[in-house]
Every structure is written in structure tokens, then in C-alpha cells.
Amino acid sequence: MADIDWDFWFSKPYIYTWQAAALVHGINPKQIKFPVRDAAGELHFDLSNFDGHYDAFKAKLDLLTEHAWIQNFSAQNMRVDFKRFLFWARHVRKWDMPIRLEAFAKGVDLDTLDENSEEKANLLRDERNTLQLIWALRSLLKEHQHGKTDRELIYYLSKTYPDKPGFKRLALEMKLAEAQVASEI
């Protein structure tokens, strides 16, 4: 197996479950041919990619797949939140890991991850509220002589405020479209 580019993997927020199992076992995921999924959804790997370590890899993959939802590190499309997974693998399962991965996993703080998740949720809520406000103002402006249609309003605003980036035609079109969708939620 080729050396693992740990910095590449540490920069990824989400990775496939099979990549996580490979990394914990010290197998370079880039050397594994992408698995084939059968009709039942089961992954099948080319065993020659594992240098005789397939059984240990498969045991880790099965275990992490079973626990992903329960332990809150599952992501969409057979992927995991890499840092949350590492926290689970190190602190709950106490798996042996390659030295670089172990050092990285030690630095994962679940409280910080939870704080970041809350921050992101608050930012999304604020953005949705802002878009709803924009749409409410847009609705009020339908009474304005230059605001009967979105096209008229966009033209008027872009000509009135030509040196403001947020009032460029494309920016206004996109923001009004986003605002309309947010108002329907």
C-alpha cells in the first residue's frame, strides 16, 4: 500500500464509511478500487486491494456502519462526519489507529463540534429570517410605481444604486428568488 496523505484526509469534513474503516486500519483509501454495490445495497470490494487485511477492514466497516446513526456521526450517502467518527472510534471503541490519525483524533473535541453545529444552525435561521423580511418588503413594494413586477423593481434599484454590489441586476434577481422560496417555508 502507498503512504497515506493524512493532511488530505484531515481536511475533509465527510468521508465514505469504507474510507473511514480503511484509514483506521491504516489502509490508504486511494489505493482501494471504488466498491460495487449489489441490488441489496451491499458493498463489494476487490480483495486484492487489501494486502490480506480485508477481514479486519470489513469488521471495522460493519461495526461503524451499524453505529453511525446511533452514535450521531452518520452523514448522507453512506458517508460519515469524519471528526465525529474519529471521536467515537478513539473514545468509545478505543480502536488502535495509525500514529498520525491517533494524534488528530486526540484533538477532536465533541463540545466544540456541537458548538459549531449550533452556530451554523443559528446562521441558517438568521439567513432565512432575512430572506423572509426581504420578501415581505418586496410584497409591500408592489404598490411602488417602479415595483409592479420583479423586473421593474430590479431595473429601478440597479439604476438607483449602481455603485452598490448588492444592487447589481444578477444579485437582486438571485436574492429575490431566494427570498420567495424562503417565504414559502
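Me: What pattern does the protein chain follow when read along the sequence?

Reply: In this predicted model, the pattern is α-β-α-β-β-α-β-α-α-α-α-α. That gives eight helices and four strands.

Me: How many of the residues count as buried, and what makes a residue buried?

Reply: A residue is called buried when its relative accessible area is under 20%. By that cut-off, 31% of the 185 residues of the protein chain are buried. The accessible surface of the chain is about 12100 Å², and carbon and sulfur atoms hold 54% of that area.

Me: Why is helix α2 described as largely enclosed?

Reply: Helix α2 covers residues 17–25, and eight of its nine residues are buried, so the rest of the structure largely encloses the helix. The buried residues are T17, W18, Q19, A20, A21, A22, L23 and V24. G26, with a positive phi near 85 degrees, follows α2.

Me: What makes T17 a buried residue, and which residues does T17 touch?

Reply: T17 sits in helix α2. Its relative accessibility is 4% and the cut-off for buried is under 20%, therefore T17 counts as buried. Setting aside residues up to four places away in sequence, T17 touches L61, L64, T65, M78, R79 and V80.

Me: How do you know that E102 and R90 form a salt bridge?

Reply: The rule asks for a side-chain nitrogen of Lys or Arg within 4 Å of a carboxyl oxygen of Asp or Glu. For E102 and R90 the N to O distance is 2.9 Å, so the pair meets the rule. The bridge links distant parts of the chain, with E102 in helix α5 (residues 99–106) and R90 in helix α4 (residues 82–92), twelve residues apart. E102 has a relative accessible area of 21% and is therefore partly exposed. By this rule the count is six salt bridges.

Me: What makes D150 and R138 a salt bridge, and where do the two residues lie?

Reply: The closest N and O atoms of D150 and R138 are 2.6 Å apart, and the limit is 4 Å, so the pair qualifies. D150 is in helix α7 and R138 is in helix α6, and the two are twelve residues apart.

Me: Which other residues does D150 contact?

Reply: Beyond its neighbours within four places in sequence, D150 is in contact with W135, R138 and L176. The C-alpha atoms of D150 and E173 are 8.1 Å apart, and these two residues are 23 residues apart along the chain.

Me: Why are R169 and E173 separated by about one helical turn?

Reply: The two residues are four apart in helix α8, which means a separation of about one helical turn.

Me: Why is R169 called exposed but E173 partly exposed?

Reply: Exposed requires over 50% relative accessible area. R169 has 51%, so R169 is exposed. E173 has 34% and therefore counts as partly exposed.

Me: What lines the second largest pocket?

Reply: The lining consists of I134, L137, R138, L141, L153, L157, G166, L172, K175 and L176. By class, seven of these are nonpolar, one is polar and two are charged. Helices α6 (110–140), α7 (150–160) and α8 (169–183) each supply at least two lining residues. The space in the pocket is about 190 Å³.

Me: Where do D51 and K94 lie, and how accessible are they?

Reply: D51 is in the loop between β3 (43–44) and α3 (54–67), and at 48% relative accessibility D51 is partly exposed. K94 is in the loop between α4 and α5, and its 61% relative accessibility makes K94 exposed.

Terms used. Residues numbered from 1 in each chain as written. Predicted model: local features only at pLDDT ≥ 70, side-chain atom pairs only at ≥ 80, totals over all residues. Heavy atoms only, no water. 1 Å grid on protein atoms, 1.4 Å probe; cavity = no way out; pocket = protein on both sides within 12 Å on 5 of 7 lines; lining within 4 Å. Points joined across faces, edges and corners; volume = space filled by probe spheres on them. Nonpolar A, V, L, I, M, F, W, Y, C, P; charged D, E, K, R; others polar. Buried < 20%, exposed > 50% of the residue type's maximum accessible area, 1.4 Å probe, protein only. Areas by Shrake-Rupley, 256 points an atom, 1.4 Å probe, with all protein chains shown as cover. Contact = heavy atoms within 4.5 Å.
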